[in-house]
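Please report on this structure.

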Amino acid sequence: MELWFSEMHTENTKFSIKIKEQLFHANSPFQEIDFFDSEDFGVFFTLDGLMMVNEKDEFIYHDMITHVPMAVNSNIKKVLVIGGGDGGTVRELTRYPSIETIHMVEIDEMVVNACREYLPLTAENLNEPRVSLFFEDGVAFMERQKDAYGLILIDSTDPIGPGEGLFTKTFYQSCYDALKEDGILINQHESPYYTRDREAMIRAHQRIKESFPIAKVYQFHMPTYPSGHWLFGFASKKYDPIEDLDVASWNRFNLQTKYYNTDLHKGAFALPNYVKNALEA
Ligand code: SAM
């Protein structure tokens, strides 16, 4: 018998992966968590039936959420990750010896525990001494922070379920207040392609622009997310992601990366016309 995982990318479009076996299933107080093993994507996990992370393409997402801001300001010392329970974003951050403190705020401890067991590829550095984990809602945590971080990475689920509060105007304003004067915010910015994702993308951009003087969007190719075309937002009080790109400083870290490089950095902010038009409308 063949076993398939299917995710509805729209009401009429389905994405399916043939699976070898289901490794884990549980309902946490926040969401339904499933881990599978597959031939093409290795181990992957879903929350409420939506693909989160898999062994095959996670490097793309985690390179792009982390190295883009670090190549703009290589002096970032204190970082906050909201969500990110798989640990992939923290793993990339720990590759920078210059970063002193990494706080990760994940609402669902069960996600972290399951990733430690089934996805060590991403969770491997969550025990690093510079990393502190907080299990609570990122919205409430952020409201208590003022002028505290050089970088905030919102590594969240989509704006449904527990992730909904991470896409609001109030939350983005809390991020602004939690950042230092030279702080950078990177947020999971959904996708331009399918209607529901595009609407979420437009809303997020409008809300971020209300708080931040600099708000740009950049793209990357994520094979297992709806349409494969995904975005992060780059917002800052001070830095422009292209004008302030500091290639020499980033190269001094001498990091081997599988997806990110500083040429791609510049290109990623060059958006297709239909995306630019939607964001500017
Ligand atoms: N790379 C993934 C993507 O874009 O689909 C996201 C990865 S990570 C698994 C997302 C995490 O955000 C989940 O573990 C989820 O529990 C967490 N999360 C959702 N809402 C949250 C909230 N309000 N506060 C903190 N963490 C939250």
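Helices and strands here are DSSP runs, numbered from the N terminus; a helix has at least four residues and a strand at least two. The model is predicted.

Start with the loop between helix 5 (138-143) and strand 9 (149-155), where aspartate 147 lies. Aspartate 147 is not a glycine, yet its phi is positive, about 50 degrees. Most residues other than glycine have a negative phi. A second case is serine 227. Its phi is near 75 degrees, again a positive value in a residue other than glycine. Serine 227 belongs to the loop between strand 11 (214-221) and strand 12 (229-236).

**Where the ligand lies**

Now turn to the ligand. Its space is the largest cavity. Why does the ligand lie between domain 1 (3-53) and domain 2 (58-280)? Both domains give residues to the shell around the ligand, so the ligand lies between them. Strand 4 (42-47) and strand 5 (50-54) each supply at least two residues of that shell.

**What surrounds the ligand**

There are 26 residues around the ligand. Gln31, Glu106, Asp137, Gly138 and Tyr225 come nearest. By type, the shell residues divide into eleven nonpolar, nine polar and six charged.

A polar contact is a pair of N or O atoms within 3.5 Å.

| Residue | Protein atom | Ligand atom | Distance |
|---|---|---|---|
| Tyrosine 61 | side-chain N or O | oxygen | 3.2 Å |
| Aspartate 137 | polar side-chain atom | nitrogen | 2.9 Å |
| Proline 162 | backbone N or O | nitrogen | 3.0 Å |

How much of the ligand does the protein bury? Taken alone, the ligand exposes 590 Å², and the protein buries 99% of that.

Methods. Residues are numbered from 1 along each chain as its sequence is written. This is a predicted model: local features need pLDDT of at least 70, side-chain atom pairs count only at pLDDT 80 or more; totals for chains, interfaces and linings use all residues. Side-chain values use heavy atoms; hydrogens and water are left out. A residue is near a molecule or strand if one of its heavy atoms lies within 4 Å of it. A polar contact is a pair of N or O atoms within 3.5 Å; within protein, one must be able to donate a hydrogen and the other to accept it, and residues adjacent in sequence count only if both atoms are side-chain atoms. Accessible areas come from the Shrake-Rupley method with a 1.4 Å probe; for residues, only the protein chains shown count as cover. On a 1 Å grid over the protein atoms alone, a cavity is a set of points where a 1.4 Å probe fits but cannot get out, and a pocket is an open set with protein on both sides within 12 Å along at least five of seven lines; lining residues have an atom within 4 Å of a point. A molecule sits in a cavity or pocket if more than half of its atoms lie within 2 Å of its grid points. Ala, Val, Leu, Ile, Met, Phe, Trp, Tyr, Cys and Pro count as nonpolar, Asp, Glu, Lys and Arg as charged, and the others, Gly among them, as polar. Domain bounds come from an automatic or database domain assignment.
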